[in-house]
Amino acid sequence: MTSNTGAWEEQGAVCDDTFLPFEYNDATGAQQLFDVSEAACARFGFFHGYRVATPRGGALVIGVREGALWMHVDGEKGASAFPGEYEALLALGITQCDDAPSVYHEDKEGDFHVKRVEHVLPGSFEQRTHLVLQNENGPCPLLALTNALLARGDITLSPKEGISLIVTQQEILNKLSDRMLQVASSAANQEEAVMEVSALVPDIAKLNSGLDINVGFNGIEDYEPVGAVNVFRLCGVRLMHGWVADSAQREVLGGMRYNELISWALAHDDAAEASVREHATKARAFLDETRSQLTQTGLAQLRAGVREGEVVVLFRNNHFATITRRQGALYSMVTDVGYERERNIVWELLSDVRGARSEFFNGEFIGNESSKRREVLETLVLMGYARHDATAAVDAVTTGKVVDDETVTAALNWLTEHAMTHN
């Protein structure tokens with residue numbers, strides 16, 4: 001297994017804990033790697049994604065390479081270097097101009113941000129792939145299934161280049177339809193499988209607006225296989241959950257799935273017979289005590305049921321996540337759009353039912369200190385600082401150092417010195 005650090009250094013980038021890689025074409029059309037971290041851009045006064053006015057016209061700031069700030073001027077081919085630091089750039093007549101028109105792809109409804117990662121699973125070679133990222137109200141069933149297929153190499157995406165990598169909802173839906181037909185074509189009863197796919201194609205779009213799943217409590221693959229739930233199976237991806245009852249609890253639940261259990265418990269809350277009321281109370285207690293939708297029994301069954309290196313989709317806490325197993329441990333893919341630039345955050349260890357421990361790992365399942373970094377950033381954001389200012393502060397005060405309990409204080413001092421304000 002090889003690292004890409006050498007490749008980055010060959011392209012003129014310094015690879016350290018603050019380096020945030022971003023691929024973009026230069027004026028010759030060659031793809032280069034730029035450092036888009038705020039720490040790298042700070043001395044130039046203009047940051048990745050800024051719109052600026054230059055003597056050659058409006059431009060988009062790309063990032064830092066070979067000691068210079070690079071920008072893509074509207075109408076020119078690729079990015080070019082602009083010499084000098086902040087004062088020199090101002091002398092050239094470069095000013096921030098956020099309302100300047102952009103020729104680059106902008107987010108639209110139905111678009112998703114994409115993150116490039118180096119990804120390795122057992123039995124496979126190191127490969128670069130994409131993750132589709134989740135915004136606050138994004139369609140997690142659609143994205144979890146897409147990311148499972150991307151991680152396995154079953155599909156690929158062609159995201160649009162811009163300030164962020166973007167993929168459209170329609171491209172994702174088309175890829176899933178193609179994948180279903182591909183799986184059906186290799187089925188034992190091909191004709192029947194293709195007919196089932198044709199009937200389910202309209203249901204793929206339903207994954208974009210959420211998915212109701214009626215789970216059963218007897219095992220990790222116990223759920224009602226109806227409607228869009230079957231899209232996972234037809235794409236060749238196992239759908240699981242960890243809301244599993246132990247033997248004593250199963251006696252109380254009586255084999256009922258969630259929808260039936262809720263209806264039964266509500267209907268018998270005021271039953272005449274004391275034993276029936278007690279039974280209903282125990283059923284509701286189970287639902288309340290396991291509201292995270294992951295039990296110790298379920299976690300144990302997931303560890304045993306997910307094969308080494310397999311990628312599956314997990315339903316938990318009314319959310320769908322992409323998970324895998326590595327050396328007996330379970331990992332959940334980190335797809336929050338807030339980690340778009342965090343190249344070393346790809347997986348989070350799934351080790352307890354409450355999610356109390358947050359340990360992050362890169363695509364090679366190597367741990368990093370980003371969990372502490374995340375804690376510091378979230379503290380600063382909660383204090384009212386903009387995330388990009390908080391990130392710049394943490395980058396500046398931790399260069400060559402470990403993120404620790406003193407980082408918040410140091411970052412606050414940096415923000416004060418640089419006249420950064422909070423809400």
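This is a predicted model: local features need pLDDT of at least 70, side-chain atom pairs count only at pLDDT 80 or more; totals for chains, interfaces and linings use all residues.

Modeller: Residues are numbered from 1 along each chain as its sequence is written, and side-chain values use heavy atoms, with hydrogens and water left out.

Biologist: Why is Phe-365 called buried?

Modeller: Buried means under 20% relative accessible area, exposed over 50%, and partly exposed in between, with a 1.4 Å probe and protein chains only. Phe-365 has 10% relative accessibility, and therefore counts as buried. Phe-365 also has a positive phi of about 65°, although it is not a glycine. Its place is the loop between strand E16 (360-361) and helix H12 (370-382); helices (H or I, at least four residues) and strands (E, at least two) are DSSP runs, numbered from the N terminus.

Biologist: Is Asn-317 buried, exposed or partly exposed, and what makes it so?

Modeller: The relative accessible area of Asn-317 is 46%, so this residue is partly exposed. Asn-317 sits in the loop between strand E12 (311-316) and strand E13 (319-326). Its phi is near 55°, a positive value in a residue other than glycine.

Biologist: What makes a set of residues a nonpolar core?

Modeller: The term denotes buried Ala, Val, Leu, Ile, Met, Phe, Trp, Tyr and Cys residues joined through side-chain atoms within 4.5 Å. The largest such core has 61 residues, of which Leu-145, Phe-217 and Phe-320 touch the most other members. Helix H4 (residues 140-152) supplies the largest share of this core, 9 residues. Apart from it lies another core, of 15 residues, including Cys-41 and Phe-82.

Biologist: Why is the pairing of Arg-238 and Glu-221 called a salt bridge?

Modeller: A salt bridge is a side-chain nitrogen of Lys or Arg within 4 Å of a carboxyl oxygen of Asp or Glu. The N to O distance for Arg-238 and Glu-221 is 3.0 Å, and the pair is a salt bridge. It links distant parts of the chain, 17 residues apart, with Arg-238 in the loop between helix H7 (230-234) and strand E11 (239-241). Arg-307 and Glu-310 also meet in a salt bridge, at 3.2 Å. Arg-307 is exposed because its relative accessible area is 52%, whereas Glu-310, at 11%, is buried. These four residues, Glu-221, Arg-238, Arg-307 and Glu-310, are linked in a network of salt bridges. The whole structure holds 16 salt bridges.

Biologist: What makes a space a cavity, and how many of 30 Å³ or more does the structure hold?

Modeller: On a 1 Å grid over the protein atoms alone, a cavity is a set of points where a 1.4 Å probe fits but cannot get out; lining residues have an atom within 4 Å of a point. Grid points are joined across faces, edges and corners, and a volume is the space filled by probe spheres set on the points. The structure holds 1 cavity of 30 Å³ or more. The largest cavity has a volume of about 40 Å³, and its lining includes Phe-217, Asp-222 and Arg-250.

Definitions and conventions. On a 1 Å grid over the protein atoms alone, a cavity is a set of points where a 1.4 Å probe fits but cannot get out, and a pocket is an open set with protein on both sides within 12 Å along at least five of seven lines; lining residues have an atom within 4 Å of a point.
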